[in-house]
Amino acid sequence: MTETIPLVAGFLAAAVRVATPIMLAATGETITQRSGVLNLGIEGMMLAGALAATLGATAVGPWTGVALGIGAGMLLAAVFALVVIGARADQVIAGTAITLGAVGLTGTIYRQAYGAGGAGLDLPTLAPIPLPGLSSLPILGPALFSQPAPTYLGFLAVPIVWWLLFRTRAGLALRATGESAEVARASGVPTRRVRAAATLAGGGFAGLAGATLVLAQVGSFAERMTAGRGYVAIAIVVLGRWHPAGVAVAALAFGAAMALQFLFQTLELDLPYQLFLMLPYVLALLALAGMVGRVRAPADLAKP
Amino acid sequence: MRARGWLVGTGALLAGIAVLATGLGLAGYDAGLALGALWSGAFGSWYAITSATLVRSVPLVVIGLGLAIAFRAGAFNIGAEGQFYAGAIAATWLGLHVGSLPAPLAAAAVLSVALLAGALWVAVPVLLRVRYGVLEVISTLLLNFVAEATMSLVVQGPLQERQGIYPQSDAIAEAARLPLMPGTRLHAGFLIALAGAAVLHHLFTRTVWGFQLRAVGLGQRAAEISGRIDSRWAVAGALAISGAIAGLAGGIEVAGVSYALFQNLSPGYGFTAIAVALLGRLHPLGVVLAGILFGALEAGASAMQREAGVPAVAVYVVEAVVILVVLLAESLRRGGTTALAAIGSATGTAWGRG
């Protein structure tokens, strides 16, 4: 039984590492959706953030990469906001288009910058920062307190976003806009500006999530590397019931389900690995079905 | 109205091409050479038109027609990619075993089982929606990942080729393959797509079902009160049919183009078809035209990569710009309704502002 403890610790560390980008993106999407905007473009914004982070990190350093990643996410979010808030176009279609465009844009720029193969890409990454004292706790120490900076940012964002959404006037205005834009507007809330700001914030988080994926998890860029994590983040928002704490828990649970595959690889079970690839998504579906009647989306979500 | 639609579409396409040309110019490519290759790869010869553009457009048109049904009813099926894979897997499985059947029968059986597989795959979101109220946007999306993993599982497991080396299946029986137009690679799936569009046009404009779809899509409450329509089942039915048709598209791709199953059979047809359906304004004829346009862009993109060294993925930028420009034009004209409601009013329903 002596090898059980490192096994569990390793599993937990992997779970948190895998969960971090999804948690960051989902936290941002929570802000966006609470204002009544459904942003399916965060998949593309994450991808743009990932490439911008790669470019920034190779040119200057990892923190420049993080900054550029956030910027790229916000830039795409600005285009999205222009179309869905400025021109009140359909959010699902516009989000799909943004993601499609981001796949094309990042693929083209990546090949232009690094050649078709792109192999041998050597990136300065964000190293884990062990928190003194806490990181030497058994089992939980390495999982929670010996992670790269974005993980701490992700955890820090949960109470901050909660406070902003539920304890400030701006947050109240934002949630009112998401529940009924018409009523909010009548009581003097500049709903379009609120939604634009919420969309930009969500884009920034998505960009940061993409940067995190490259600089703190994978260590290199690949075309379409987000592989649906942005879409997963949207499901996580629903699972977390549009609440920052719920979203964080849902993201960590999803990360744990994804990290199971590493655990089972070490256990050398005689099962096809694809079953473990499916597992997180099947569990998410079951969780959604189990939430029946106990969850309600912002009433004006996806209405222009 | 029609003329205006053409104008918007053409303008959007030109805008997309202009963005591409500018971007390529800035990136140091020979934009003229690239655009020339894009054109000749798509329309430069009879072979390019039939064997590249039209072949590429078939899955987009077929899936797009199915999605038009779902979107008309207000059901957002984002899982066509997964349903396509389900159909392709089922078609390959049966296609490997029907060598003894006469040709038309074998192909018909393969396409039927693909249709069925698509329907089964979408049955989960349909059930989740009807029984548990789970939004189909989320459930269909999540099932795409499950379908991808299933695909990977079967091509390395039960359906792997006989030698067990490559992650792909053996070729399906000759009898199960769709006939080709002589001298080209264009298969009978194109005719299925056109016939489907004609049938759908009739159903949309001349039947109670078509009316019900539109009514439900524009406002479920209103449809129930004024039209006595069971909107829950109308939506569920539309979702189920769209999934079955996406499955059929997977079967057509296997029986008409690839003849075998492999991991990346679809370069994202299920997602591009969403854009195709909406760009075609959920009209069958519009979907056919939009599908051929996107088929041409993607066929031309391969030529652009070969001849000008421009990555083929660059055309996704063109597609994105086309969609966004059409959205902008639509929304500005209607003073801000959702595209779906706008389409509803364009088709002449009384309560377009629903």
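## Chain B: overall size

The radius of gyration is taken over C-alpha atoms, and the globule rule sets it at 2.2 Å times the number of residues to the power 0.38. This model is predicted. For 354 residues, a compact globule would have a radius of gyration near 20 Å; chain B has 20 Å, so the two agree. The C-alpha atoms of chain B fill a box of roughly 60 × 50 × 35 Å along the principal axes.

Chain B contains 14 helices and 0 strands. From the N terminus on, its elements run α-α-α-α-α-α-α-α-α-α-α-α-α-α. Of its 354 residues, 59% count as buried. Now take the contacts in chain B between residues at least 6 apart in sequence: 77% of them join residues at least 24 apart.

## Chain A: overall size

Chain A has 12 helices and 2 strands. Along the sequence, the pattern is α-α-α-α-β-α-β-α-α-α-α-α-α-α. The radius of gyration of chain A is 19 Å, close to the 19 Å that the globule rule gives for 304 residues, so chain A is as compact as a globular protein of that length.

The C-alpha atoms of chain A fill a box of roughly 65 × 45 × 40 Å, again along the principal axes. Of the 304 residues of chain A, 54% count as buried. Among contacts in chain A between residues at least 6 apart in sequence, 76% join residues at least 24 apart.

## Where the chains meet

How many residues of chain A are in contact with chain B? The count is 37 residues of chain A, in contact with 38 residues of chain B. On the chain A side, helix H4 (91-114), helix H10 (229-239) and helix H12 (274-290) each supply at least two residues. H4(A) gives the most, with 15 residues.

The chain A side that touches chain B divides into 26 nonpolar, 8 polar and 3 charged residues.

## A helix pair in chain B

Look at helix H3 (residues 46-72) and helix H10 (residues 231-258) of chain B. Their axes come within 7 Å and cross at roughly 170°. An angle over 145 degrees counts as roughly antiparallel. H3(B) and H10(B) are therefore roughly antiparallel to each other.

Which residues make the contact? On H3(B), they include Val55(B), Val58(B), Val62(B) and Ile63(B). On H10(B), they include Leu239(B), Ile241(B), Ile245(B) and Ile252(B). By class, this contact has 18 nonpolar, 2 polar and 2 charged residues.

## The nonpolar core

The largest nonpolar core has 235 residues. Those with the most contacts inside it are Ile236(A), Ala251(A), Ile63(B) and Val110(B). Ile63(B) is also one of the residues of H3(B) that contact H10(B).

What does Val110(B) touch, leaving out residues up to four places away in sequence? Its partners are Ala91(B), Leu94(B), Gly95(B), Val98(B), Ala176(B), Gly251(B) and Ala255(B).

## One residue up close

Leu191(B) sits in helix H7 (residues 189-206) of chain B. Is Leu191(B) buried or partly exposed? A residue is buried if 20 or more other C-beta atoms lie within 10 Å of its own, and exposed if 12 or fewer do. Leu191(B) has 14 other C-beta atoms within 10 Å, so Leu191(B) is partly exposed.

Leu191(B) and Val58(B) are 133 residues apart along the chain. Their C-alpha atoms are separated by 9.1 Å. Val58(B) belongs to the H3(B) side of the helix contact described above.

Technical notes
Residues numbered from 1 in each chain as written. Chains lettered and ligands numbered in written order. Predicted model: local features only at pLDDT ≥ 70, side-chain atom pairs only at ≥ 80, totals over all residues. Axes fitted to C-alpha atoms, helices over the stretch in contact; angles between N-to-C directions. Helix = DSSP H or I, 4+ residues; strand = E, 2+ residues; numbered from the N terminus. Parallel < 35°, antiparallel > 145°, perpendicular 65-115°, else oblique. Contact = placed C-beta atoms within 7 Å. Nonpolar A, V, L, I, M, F, W, Y, C, P; charged D, E, K, R; others polar. Core = buried A, V, L, I, M, F, W, Y, C linked by C-beta atoms within 7 Å.
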